[in-house]
Amino acid sequence: MTNANVRVRFAPSPTGYFHLGSARTALYNWLFAQHTGGSFILRIEDTDRTRYHPEALPDLLDSLRWLGWFWDEGPEVGGSYGPYYQSDRAELYRQYADQLIQDGKAYRCYCTPERLAALREEQRRERFKPGYDRRCRYITSAQIAEFEAQGLRSVVRLMTPTEGQTAFEDLLRGRIVVENAELDDLVLLKSDGYPTYHLANVVDDHLMQISHILRGEEWLPSVPKHVLLYDALGWSIPAQVHLPTILDPSGKGKLSKRRQRGPGEAERLTFIHEFRQTGYLPEAMTNFLALVGWAYDAETELFTRDELIRYFDLDDVSKSPAAFSYEKLDHMNAVYIRGLGDNDLANRLLQILRRAGLDADYGRILQFAPLVKERLRTLSDAVDLLDFAFVDGHMPDPDTLVQKAMGVDGTRQALRESAKALYELPSFDEEAIEETLRGLVDASDFKIRDYFGALRVGLTGKRVSPPLFETMAILGRQDTVQRLRRAADALDAAE
RNA sequence: GCCGCAUUCGUCUAGUGGCCUAGGACACCGCCCUCUCAAGGCGGAGAUCGGGGGUUCGAAUCCCCCAUGCGGUACCA
């Protein structure tokens, strides 16, 4: 499908950091726009002044750009359907609310929040259907004049039919019909003059000529009310697509927008900037997130950005909620890291190692890049793996240094003789190092894994490291020999 | 409570009446490779397609009922 008239929007409210669930919605909108050659509009729904979070917007824009999901219209890029902040459109919503009142399709309601709360409480107690009792819908104009004279604050409510049915079509779920009796008179304009989501989103989607609405399925129940609103305004409704929820990895509940911790589990990332900091690649995030709720075929899971755009089709979007698997994300991220060129990987590693406080230089990282590439799940795994290479005065812990099978003396002997042999080696390259060291092992009574284990800990302070000989070659003769000697000295000191 | 949506291996999924004694991936287990850890190779276990009724020569695929899960029921989005 190619249709330049496709206009979709991603419309988050700046109440918190950009998280996984929102990101998936944003991605599907972006992919659909790219696929159809349409436009991807970013609109900021900042009509809730009480929940406004000042860091939310910069976090969102940074994250979207990092992911590479650029918007055609919206904040910082403009467009001919602006403004793109709903707070800048307040007057517009007021006009439409007034118009609806004029037309007898909406009315002012003077009920206080306290009365509404009490009403709800009573309905709950009496097991009645909750909802506004429409008291102000039927008050006289004399009463209205009196309320106005008293200076009472009011909201504007839509007059909802009490009988009949309202139906609409969801591209994924088919025709959905609800009884109008289930709907109540929803608030369009709040007493502070700001619109509710319902009014603002209907007005904006119409004015911005949105062709398809792709949003989370939590919106599904409010669509019938929107249908009524569109009707009241004399407008037609955009195509509806309600995307499945993203579930917690256990598959038991909705993925939290906040940080969360399962019982006895490590803290899980949920904000996009956290994934970025941890060293997930934007291309892996895009690929993985695309697969949470969409599948191309039975086998393919790895897609380039272009393939995603080419293949993405609403027909293949799933209807049922999907659990988010961090393990599978890790796996995919590792696959993407392995596919990176050495220079590319080194550049990305440089930032992450520096941020971890290491005095890392590009040249050395580049040398290590091919060695660590297949050992990383996230870029930040490189910190533990490579920190030894960027500090001088390390002193291995004797407990990890001494190999059980070799004892203190055997370990010390291996360190000393290796240091000596490497010191005297004519050419300090990987092959020569390996040949020499293997010669020493053969001449000794020790096993390869124990002997090299001692050298590994002596050299890096760790039981797990990049391959030994390569690492030595990169560190250089002087550093290597010094580290091994120091390790041997550490054993002397420990006795 | 009421309304809506969903329901295939632990998880993500393929599947739109016969190709399914249900395919792939992650995770898991075993073996191989191996200087550690990875990566890689080979193999394994794992779903009577939520349950029950139909329709049909034939159902994971169509219809009905039930159960369960999720969502909604705000002057939040």
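Rings of Phe, Tyr and Trp (the six-membered ring of Trp) form a pair if their centres lie within 6.5 Å; planes under 30 degrees apart count as stacked, those over 60 as edge-to-face, and the rest as tilted. By this definition, a search of the whole structure finds 18 aromatic pairs.

The structure is a predicted model, in which local features need pLDDT of at least 70 and side-chain atom pairs count only at pLDDT 80 or more, while totals for chains, interfaces and linings use all residues. Residues are numbered from 1 along each chain as its sequence is written, chains are lettered from A and ligands numbered from 1 in the order in which they are written, and side-chain values use heavy atoms, with hydrogens and water left out.

**Aromatic rings**

A pair of aromatic rings is described by the distance of the centres and the angle of the planes. Two pairs are set out below.

| Ring pair | Centre to centre | Angle between planes | Class |
|---|---|---|---|
| Y96 and W235 | 5.2 Å | 75° | edge-to-face |
| F275 and Y280 | 5.3 Å | 65° | edge-to-face |

The pair of Y96 and W235 links distant parts of the chain, 139 residues apart: Y96 belongs to helix α3 (residues 90-102), and W235 to the loop between α7 (223-233) and β9 (239-243). Helices (H or I, at least four residues) and strands (E, at least two) are DSSP runs, numbered from the N terminus. A residue is called buried under 20% relative accessible area, exposed over 50%, and partly exposed in between (1.4 Å probe, protein chains only). Y96 counts as buried because its relative accessibility is 18%, and W235 counts as buried because its value is 14%. F275 and Y280 are buried as well.

Ring pairs also link Y28, W294, Y296, F303, Y311 and F312 into a cluster. A charge is said to sit over a ring if NZ of Lys or CZ of Arg is within 6 Å of the ring centre and within 35 degrees of the ring normal. The charged end of R24 sits in this way over Y28, 5.1 Å from the ring centre. Likewise, the charged end of R157 sits over the ring of Y132, 3.7 Å from its centre.

**An enclosed helix**

Helix α9 (residues 282-290) is largely enclosed by the rest of the structure, because eight of its nine residues are buried. The buried residues are P282, A284, M285, T286, N287, F288, L289 and A290. Among the elements that cover them are α1 (20-36), α2 (56-67), α8 (272-278), α10 (305-311), α11 and α12 (342-355); contact here means heavy atoms within 4.5 Å.

D185 is located in the loop between β6 (174-179) and β7 (187-189). With a relative accessibility of 0%, D185 counts as buried. Leaving aside neighbours within four places in sequence, D185 is in contact with Y107, Y132, R134, R137, R157, L158, M159 and T160. The side chains of D185 and R134 are joined by a polar contact of 2.9 Å. A polar contact is a pair of N or O atoms within 3.5 Å; within protein, one must be able to donate a hydrogen and the other to accept it, and residues adjacent in sequence count only if both atoms are side-chain atoms.

D387 lies in the loop between α14 (381-386) and α15 (398-401). D387 is partly exposed, with a relative accessible area of 22%. Its contacts, apart from neighbours within four places in sequence, are L358, A382 and K462. A polar contact of 2.9 Å joins the side chains of D387 and K462.

L243 belongs to strand β9 and is buried, with a relative accessible area of 0%. The C-alpha atoms of L243 and T25 are separated by 7.5 Å, although the two residues are 218 residues apart along the chain. Not counting residues up to four places away in sequence, L243 touches R24, T25, Y28, R173, L214, R215, G216, E217 and V317.

A residue is near a strand if one of its heavy atoms lies within 4 Å of it. Of the 58 residues around RNA strand B, R173, K190, E301, E374 and R456 come nearest. Sugar and phosphate make up 70% of the atoms of RNA strand B that come within 4 Å of the protein. By class, this surface has 25 nonpolar, seven polar and 26 charged residues. Here Ala, Val, Leu, Ile, Met, Phe, Trp, Tyr, Cys and Pro count as nonpolar, Asp, Glu, Lys and Arg as charged, and the others, Gly among them, as polar.
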